[in-house]
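Dear colleague,

Please find below the structure that I am handing over to you.

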Amino acid sequence: MAQACKATGGAGLSHSRGYEDAVNAKISGELNEVESTLPENIKDRALSVFKSAVSENYPIKDAIEKVQKEALCEIETLYKGQRFKGYIKFDFDNWVVTINVNKFGNGNAQFSAGVGEKKMVCPDPFMGKLSDPNMNR
């Protein structure tokens, strides 16, 4: 059996493993908070679509795609010929998912998303309090 080159053995797409693991994960737990700058009707639609995707055990990337296709596409018609920037952030027990909308006046719209896993930080005995500032939220 051939051995991997010691200089290039770990090269390649290994830098995207963390991303792939995050977007292919499934969300479990309760929705803690929804933060948004979207109009109320679009926010409510995006929330219901995302909740249904989570209840059907969609991976995170598919849930994001479903929200973009079924709820956020309404922004293109609502703000026709106008500039609009907004976001919606879903804060779950273990995950935070943010979907951004950037609609241009010429009719084009750009969507982007951010996915983060919440990690609990052990208390630092030398600091006298918990190291993670989000721990007491």
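Two residues are in contact here when heavy atoms of theirs lie within 4.5 Å. By that criterion, and leaving aside its neighbours within four places in sequence, Leu 38 is in contact with Lys 43, Leu 72, Ile 75, Phe 84, Gly 86, Tyr 87, Ile 88 and Val 101. Please bear in mind throughout that this is a predicted model.

Overall architecture

The chain contains four helices and four strands, arranged along the sequence in the pattern α-β-α-α-α-β-β-β. Of its 137 residues, 29% are buried. Among the contacts between residues at least 6 apart in sequence, 55% join residues at least 24 apart. The chain exposes about 9,200 Å², and carbon and sulfur atoms supply 50% of that area.

The sheet

The four strands make an open sheet in the order S1-S2-S3-S4, with antiparallel pairing. Its edges are strand S1 (31-36) and strand S4 (109-117), each of which pairs on one side only. On average, neighbouring strands of the sheet are turned by 10 degrees against each other, direction ignored.

Strand S2 (residues 84-92) and strand S3 (residues 95-103) run antiparallel and are joined by eight bridges. Within this pairing, Phe 84 has Lys 103 in S3 as its bridge partner. The two strands form a hairpin with two residues between them.

S3 also pairs with S4 in the antiparallel sense, here over nine bridges. Asn 100 stands opposite Ser 112 in S4. The hairpin of S3 and S4 has five residues between the strands, and in this hairpin Gly 107 takes a positive phi near 105 degrees. As for burial, S3 is largely enclosed by the rest of the structure, because seven of its nine residues are buried.

Helix H3 (residues 60-70) lies across S3 and S4, and runs at about 35 degrees to S3.

The buried residues of H3 are Ile 60, Ala 63, Ile 64, Lys 66, Val 67 and Gln 68. They pack against helix H1 (17-23), H2, S3 and S4.

The loop between H2 and H3 holds Asn 57. Most residues other than glycine have a negative phi. Asn 57, however, has a positive phi near 60 degrees. With a relative accessibility of 47%, Asn 57 counts as partly exposed, since that class lies between the 20% limit for buried and the 50% limit for exposed.

The nonpolar core

The largest nonpolar core has 27 residues, of which Ile 27, Leu 38, Phe 50, Leu 72, Ile 75 and Ile 99 touch the most other members. H2, H3, S2 and S3 are the elements that give two or more residues to this core. The most comes from H2, which gives seven residues.

Aromatic pairs

There are three aromatic pairs in the model. One of them is formed by Phe 50 and Phe 90, which are stacked at 4.2 Å centre to centre with 0 degrees between the planes. This pair links distant parts of the chain, as Phe 50 is in helix H2 and Phe 90 is in strand S2, 40 residues apart. Phe 50 has a relative accessible area of 0% and is therefore buried; Phe 90, with a relative accessible area of 0%, is buried too.

Phe 50 also forms an aromatic pair with Phe 92, and this one is tilted, at 5.9 Å centre to centre and 45 degrees between the planes. Here again distant parts of the chain are linked: Phe 50 lies in helix H2 and Phe 92 in strand S2, 42 residues apart. Both Phe 50 and Phe 92 are buried. Phe 50, Phe 90 and Phe 92 form one aromatic cluster.

With kind regards

Key
Residues are numbered from 1 along each chain as its sequence is written. This is a predicted model: local features need pLDDT of at least 70, side-chain atom pairs count only at pLDDT 80 or more; totals for chains, interfaces and linings use all residues. Side-chain values use heavy atoms; hydrogens and water are left out. Two strands pair if DSSP finds at least two bridges between them. Axes are lines fitted to C-alpha atoms, for helices over the stretch in contact, and angles run from 0 to 180 degrees between N-to-C directions. Buried means under 20% relative accessible area, exposed over 50%, partly exposed in between (1.4 Å probe, protein chains only). A nonpolar core is a set of buried Ala, Val, Leu, Ile, Met, Phe, Trp, Tyr and Cys residues joined through side-chain atoms within 4.5 Å. Accessible areas come from the Shrake-Rupley method with a 1.4 Å probe; for residues, only the protein chains shown count as cover. Rings of Phe, Tyr and Trp (its six-membered ring) pair if their centres lie within 6.5 Å; planes under 30 degrees apart count as stacked, over 60 as edge-to-face and the rest as tilted.
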